[in-house]
Amino acid sequence: MPLTPEQLVRPEILALKAYHVSDAEGMVKLDAMENPYRLPAELREGLAAALAAAEINRYPEPTGRRLRELLARTMDVPAGMDLLLGNGSDDLIQMVTFTLARPGATVMYVEPTFVMYRMNAIFSGMKAVGVPSREDFSLDREAFITAVREHKPALVFIAYPNNPTGVLFDAEDVAAIIRATDGVVVLDEAYHVFAQKSFMSRLPEFPNLVVMRTVSKLGLAGIRLGYLAARPEWVAEFNKVRQAYNVSVLTQTAAMYVLGKLDVLEAQAEIIRGERRTVREGLAALPGVTVYPSAANFFLTRVPDANRAFEGLKSRGVLVRNFHGAHPLMQNCLRITVGTPEENRKLLSVLRDVL
Ligand code: PMP
């Protein structure tokens, strides 16, 4: 008799829920921290020509050599560090976790944070230990370092700035945690263009530091490309776990083309940083709404009734992310991505009505 999934699947996988993505068709999409702007028309034409010329009959260059060289130059990767590319940074999180998953090893992170750190720890059979942040979502440095001494993690993930809170932890607190940890510390700088703060230039200071980034929030979420920078001895090990052709010819071609015109994406990021101020002021002016400080392209907000506000927004065509029930610190919290000025105006006026 064939066994059922309940009998065959690992219990910790049975207990998980798949990563949730809402259907966003026809909605003002403020749920996933995307750049709301498309490429300008002339760049779209150039991109189409570059993609048409790509040799898709061939496998990609496995490590994306030319793209790594371009990223090393444009992203100020310090000399002596190597780069590893991923099918989004999700892929890199998985590779790093897999590589360090010795039996009994522990992954640590601040709570609340990006759920993929915990999920990948579980996929890899590792122990997952979250240390709650303070109530204002700042980093509790003492509590974290005490937990590091107790659990001796092989791997620590810190999102800088953090998701879903938007909070940028104090750089000295982060440095103290890197120093206090014997394991690898991955600093996830997915939102670095909005924070304009980075540990990239400090890589040489810390032998156990890995800086991870994505082009998703910069305006290229659809192509799926992440990169990490670290010492060659770490990259060589992570690289063994990489799927042979994890970054497609189309992704490599598109990234080479668009990153060659990085100023266009950076100008869009600057507009979003300007809009961030407008959205923060607009949200803070709404009765009963708390807005947490954000260095990213989104805001965590606390409203009187998040489920009602979420449904009210959705029924009027605005999709945000509801975190009520996801973590005790996030009671009645919604996460709202900064959109175009028009989208932001709609968000603020609908939210005012709904509240
Ligand atoms: N890290 C953080 C902190 C994120 O918020 C996200 C996306 N929500 C990712 C990594 C994954 O990004 P991607 O796989 O698109 O590169």
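Biologist: Where does P164 sit?
Modeller: P164 belongs to the loop between strand 5 and helix 8, and, with the caveat that this is a predicted model, the peptide bond that joins N163 to P164 is cis, with omega at about 15 degrees.

Biologist: And the bond from Y160 to P161, cis or trans?
Modeller: The bond from Y160 to P161 is cis, with omega near 0 degrees, and P161 is likewise found in the loop that runs between strand 5 (155-159) and helix 8 (171-180).

Biologist: What about the backbone of M33, is phi positive or negative there?
Modeller: M33 has a positive phi of about 55 degrees, although this residue is not a glycine; its place is in the loop between strand 1 (28-29) and helix 3 (41-53).

Biologist: Switching to the ligand, which residues come nearest?
Modeller: There are 13 residues around the ligand, and of these S89, D188, Y191, T214 and S216 come nearest.

Biologist: What classes are in that shell?
Modeller: The shell around the ligand is made up of 4 nonpolar, 5 polar and 4 charged residues.

Biologist: What does the side chain of D188 do with the ligand nitrogen, in terms of distance?
Modeller: An N or O atom in the D188 side chain lies 2.5 Å from a nitrogen atom of the ligand. On the oxygen side of the ligand, a polar side-chain atom of S216 is 2.6 Å from an oxygen atom, while for D90 a backbone N or O atom is 3.1 Å from a ligand oxygen.

Biologist: How much of the ligand's accessible area does the protein cover?
Modeller: On its own the ligand has 400 Å² of accessible area, and the protein covers 93% of that.

Biologist: How many bridges hold strand 9 against strand 10, and which residue stands opposite V291?
Modeller: Strand 9 pairs with strand 10 (residues 298-302) in the antiparallel sense over 2 bridges, and the residue of strand 10 opposite V291 is T301.

Terms used:
Residues numbered from 1 in each chain as written. Predicted model: local features only at pLDDT ≥ 70, side-chain atom pairs only at ≥ 80, totals over all residues. Heavy atoms only, no water. Near = heavy atom within 4 Å. Polar contact = N/O pair within 3.5 Å; in protein donor to acceptor, adjacent residues only side chain to side chain. Areas by Shrake-Rupley, 256 points an atom, 1.4 Å probe, with all protein chains shown as cover. Nonpolar A, V, L, I, M, F, W, Y, C, P; charged D, E, K, R; others polar. Pairing = 2+ DSSP bridges. Helix = DSSP H or I, 4+ residues; strand = E, 2+ residues; numbered from the N terminus.
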